[in-house]
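Open the model in a viewer and keep the selection tool at hand. The stops below are meant to be taken in order.

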Amino acid sequence: MKITKVQAYQVLDSRGRPTVSASITLDDASVHTARVPSGASTGAHEATELRDAGTALAEKFYGGKSVHIAVANVNSKIAPALIGNDIALESVDQKLNELDPSLSHEVLGANATLAVSLAAAKAEAHSKNQSLARLFSPTGKLLLPMPMVNILSGGAHANRTLDIQDVLVLPHGAKSFSEALSWIVAIRELAAVRGREQGLVTHLVADEGGLGIPFDSIEEACSFVVSCIEELGLKAGSDVSLALDIASTQFFENGRYELVNAKKSFTSQEFVQFISTLVKNQPIISIEDPFAEDDWQSWSAFAAIAPKQLQLLGDDLFTTSPTRLERGIVEKSANAILIKPNQNGLVSDTLRVLESAHAAGFKTVVSARSGETEDSWLADLATGWKAEQIKVGSTHGSERNAKWNRLLELEATEETKFAQPF
Ligand code: 2PG
Ligand code: MG
């Protein structure tokens, strides 16, 4: 099938900020639309998100965040290069790389390239009469990823109620995806009730749907979630474990890790010790960005002493970049990578990063952003790509539940297997 039209326009994400939506029309008149997410705790090495700030196109009331330049790049630069071509994700991505050979997609904007790339993936799946998940995994059982789900939020997503960004849970003892999700909903609900009873502030629902309950110490926040897990009759550490996103780049200042709520300040070496003690004292099975994005030394120092079963997960460290992943493999900085398509800018290049990670024995967690849309493509990508884990925030907010619901749909309608990464 051939591409007859490519059109982008500006829409809103879950924070009410503008983002790019792109549609590809095929010669059977079908239209395939994709919307891109946007982060708040973004890494310095992410692909370029083009916004209008400082240009004549900036819309006053969006505070410079409008995306008309990226939209115009799709409509006037990308569209003419694609119209008339056969639909195939690989060739669309190749064309996008030719139009903007910069690694960070700074010419066209990664928000422009990713929107078109995703629309192309959906359009190719349609042309083959497949779902998006099946485009990448045409035969056999689909692998449903283990959900890593946000219970408490802090950092940039919740007005810094906690020093760290997220306390999440991994329900690795569940037998199915739907059972895993039911445990998580119960844990989150109970956390809200018990928080209220203990006189804590529980009304702040954070950017990703987690509870913005303030805790001065990370240990207290962990213990609170563990008590909710156990009250439900689940075993912390074997049914459900904790996963933390420390997002430490956010509080790394002048070479020190500054925990403002805890009123503690650490050198890199001291923070390696602090993290080491934390993972010993709590049933933590995964820890993301414990060290800042360019503090490579601390990453390798901690990796050398970390418990073997601990997932040491790089987000801002790797920013879904092939070169940064390569360095992390060589320097043994981590053993897992967060995969965010909009940190990279293209679907097929993101898949290549995931494949290199798997080849190096790394675990992979496909992840949404704090600013999301109702689009559910991430669930299909995680499944089709055989990523064994997925992170999309909490179980509140339709932009989050769109992804969980798509996974429930795949579980109900396809031959699937539930991933057991732990
Ligand atoms: C992260 C993501 C999602 P953001 O740090 O992992 O939780 O946050 O999209 O704000 O970068
Ligand atoms: Mg992160």
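Predicted model: local features only at pLDDT ≥ 70, side-chain atom pairs only at ≥ 80, totals over all residues.

Residues are numbered from 1 along each chain as its sequence is written, chains are lettered from A and ligands numbered from 1 in the order in which they are written, and side-chain values use heavy atoms, with hydrogens and water left out.

**Two domains**

Select 3–129 and colour it as domain 1, then 142–418 as domain 2; these bounds come from an automatic or database domain assignment. Taken over C-alpha atoms, the centres of domain 1 and domain 2 are 27 Å apart. The contact (heavy atoms within 4.5 Å) involves 34 residues from domain 1 and 31 residues from domain 2.

**The interface**

About 2700 Å² is buried between domain 1 and domain 2, and carbon and sulfur atoms give 51% of that. Buried area here is the accessible area (1.4 Å probe) that two parts lose on being put together, summed over both. Next, show Pro37, Ser41 and His45: in domain 1 they lose the most area to domain 2, together 23% of what that side buries.

Now select Arg35 and Glu374, which form a salt bridge with the closest N and O atoms 2.5 Å apart. The rule (a side-chain nitrogen of Lys or Arg within 4 Å of a carboxyl oxygen of Asp or Glu) finds five salt bridges across the interface of domain 1 and domain 2.

Which elements of domain 1 supply at least two residues each to the side that touches domain 2? Select strand 3 (31–35), helix 2 (89–99) and helix 3 (110–127). Helices (H or I, at least four residues) and strands (E, at least two) are DSSP runs, numbered from the N terminus. Helix 3 gives the most to this side of domain 1, with six residues.

**A link across the sequence**

Go to Glu208 and Arg400, a salt bridge whose closest N and O atoms are 3.6 Å apart. Glu208 lies in the loop between helix 5 (177–197) and helix 6 (218–231) and Arg400 in helix 13 (residues 398–413), so the pair ties together parts that are 192 residues apart in sequence. By the salt-bridge rule the count comes to 23.

Finally, find the open sheet of three strands, ordered 8-9-10 with antiparallel pairing; two strands pair if DSSP finds at least two bridges between them. Strand 8 (252–253) and strand 10 (264–266) are the edge strands, each pairing on one side only. Strand 9 (residues 256–259) is joined to strand 10 by three bridges. Select Tyr257 to see Phe266 of strand 10 opposite.
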